[in-house]
Amino acid sequence: MKEVRDRARKLMGKQCRVCPACNGRACAGEVPGMGGLGTGSSFKSNFEALAEVKFNMRLLHDVVEPDTSVTILGRKMALPVLAAPIGGISYNMGGAISEKDYVRAIVNGCRAKSIIGCTGDGVPEVIHQEGFAAIKAADGEAIPFIKPWDDEELLAKLAGAKATGCLAIGMDIDAAGLITLRLQGRPVSAKTPAKLAEIIKSTGMKFVLKGVMTADEAELALEAGCEAIVVSDHGGRVLDHTPGTAEVLPEIAERVKGRMTIFVDGGVRTGGDVLKMLALGADAVMIGRPFSVAAVGGLQAGVEKYIDQLSTELKQAMTLTGTAAAASVSPNIIRR
């Protein structure tokens, strides 16, 4: 991965410095770019909240070959990991590779390693167009995420997403305040529970809502018909001064765990971070910025190398905490 990261550092330039610790400090306020909004507090909170979670190390057990597989949305995955939906290569990542090359690296790399890649949406139109094309070429083995546009554009894009044959459709409702869209005069907005239910019904598909940060909204998403939620603050890119996702995840899991699938993103960098989030109540995690670095620095091969690294790290953390299966992680591996 060192060669991949070194190449990404050269290609991404000022948009991402590929820091040794991707913690939001060097890029605070750099939106567009890969930083966090304003002071960068929310980005930093995601990283710090997860870093504060500590493992109970246990070695008097019989776990030798831990099972890292999980079944998510009806699909068996080798790891409880999805590549988060990210687009806008030209203004967020330096533009050294094309939107097409980026999204195909993500989708095909994840498919090759038996996990799920997600595609993004935004401005320019090529972002969702190349995402849809990549999903179709991968026989639907991915999840497209659509932003919360106003009705006409939203419905058209949802129909386009469904036509890809995808596993499910997502909406990153946390993009409702995205500054890059506001700067380009594009109408996105929050949705009422009734409107969300109407949108979900119109798709006739499994629906993933990304951008849930409170237990009450998790309950509302469930009632509206969501199959899954993503506990997410959009990587700290839409609202300054939010808590870290690892901080709010347990109370959300306590409310809806077992009744819907719970994904979480924010500050996840390693296989150990993945295991922490599972112990806090997630069924699987989404990872954003590290996948972007892997794709820009190494295309599909870079993405596959990063997934291999996550797998090795996750197995090691599971072995050292006595965790036999990623599908049933005990909260007791975390020191309270």
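**Close-up views of a predicted protein model**

**Figure 1. Proline 124 occupies the loop between β4 (116-119) and α5 (126-137).** The model shown here and in the other views is predicted. The peptide bond that leads from V123 to P124 is cis, and its omega angle is near 5°. Another cis peptide bond joins V31 and P32, with omega of about 0°. P32 is found in the loop between α1 (2-12) and α2 (41-51).

**Figure 2. The whole protein contains twelve helices and ten strands.** The radius of gyration is 18 Å, close to the 20 Å that the globule rule gives for 336 residues, and the protein is therefore as compact as a globular protein of that length. The C-alpha trace spans about 60 × 45 × 40 Å along the principal axes. Of the 336 residues, 58% are buried. Among contacts with a separation of 6 or more, 73% are between residues 24 or more positions apart. The protein exposes about 13400 Å², and carbon and sulfur atoms supply 52% of this area. There are 39 positive and 38 negative side chains, and the centres of the two sets lie 5 Å apart.

**Figure 3. V18 and L73 each have a positive phi, at about 50° for V18 and near 55° for L73.** Neither residue is a glycine. The values deserve attention because most residues other than glycine have a negative phi. V18 lies in the loop between α1 and α2. L73 belongs to the loop between β1 (70-72) and β2 (75-77). Are these residues buried or exposed? The relative accessible area is 4% for V18, which is buried. For L73 the value is 10%, and L73 is buried too. Both conclusions follow because buried means under 20% relative accessible area.

Figure 4. Leaving aside residues up to four places away in sequence, S232 touches D174, K210, G211, V212, M213, T245 and D265.

**Figure 5. The helix α11 (residues 271-279) is largely enclosed by the rest of the structure.** At the start of the helix, a side-chain oxygen of T270 comes to within 3.3 Å of the backbone nitrogen of G272. Just after α11, G281 adopts a positive phi of about 125°.

**Figure 6. K276 is a buried residue of helix α11.** The relative accessibility of K276 is 9%, so this lysine counts as buried. Which residues does K276 touch, apart from those up to four places away in sequence? They are L50, A51, V53, F55 and I334. A168, by contrast, is 108 residues from K276 in sequence, and the two C-alpha atoms are 26 Å apart in space.

**Figure 7. The side chain of K157, in helix α6 (residues 151-162), forms a polar contact with the side chain of D121.** The distance of this contact is 2.8 Å. Is K157 buried or exposed? With a relative accessible area of 5%, K157 is buried. Besides D121, the residues that K157 touches include G122, E125, H128, F132, I146 and W149, when residues up to four places away in sequence are not counted.

Terms used:
Residues are numbered from 1 along each chain as its sequence is written. This is a predicted model: local features need pLDDT of at least 70, side-chain atom pairs count only at pLDDT 80 or more; totals for chains, interfaces and linings use all residues. Side-chain values use heavy atoms; hydrogens and water are left out. Helices (H or I, at least four residues) and strands (E, at least two) are DSSP runs, numbered from the N terminus. The radius of gyration is taken over C-alpha atoms; the globule rule is 2.2 Å times the number of residues to the power 0.38. Buried means under 20% relative accessible area, exposed over 50%, partly exposed in between (1.4 Å probe, protein chains only). Contact means heavy atoms within 4.5 Å. Accessible areas come from the Shrake-Rupley method with a 1.4 Å probe; for residues, only the protein chains shown count as cover. Lys and Arg count as positive and Asp and Glu as negative; His and the chain ends are not counted. The place of a charge is taken as NZ of Lys, CZ of Arg, CG of Asp or CD of Glu. A polar contact is a pair of N or O atoms within 3.5 Å; within protein, one must be able to donate a hydrogen and the other to accept it, and residues adjacent in sequence count only if both atoms are side-chain atoms.
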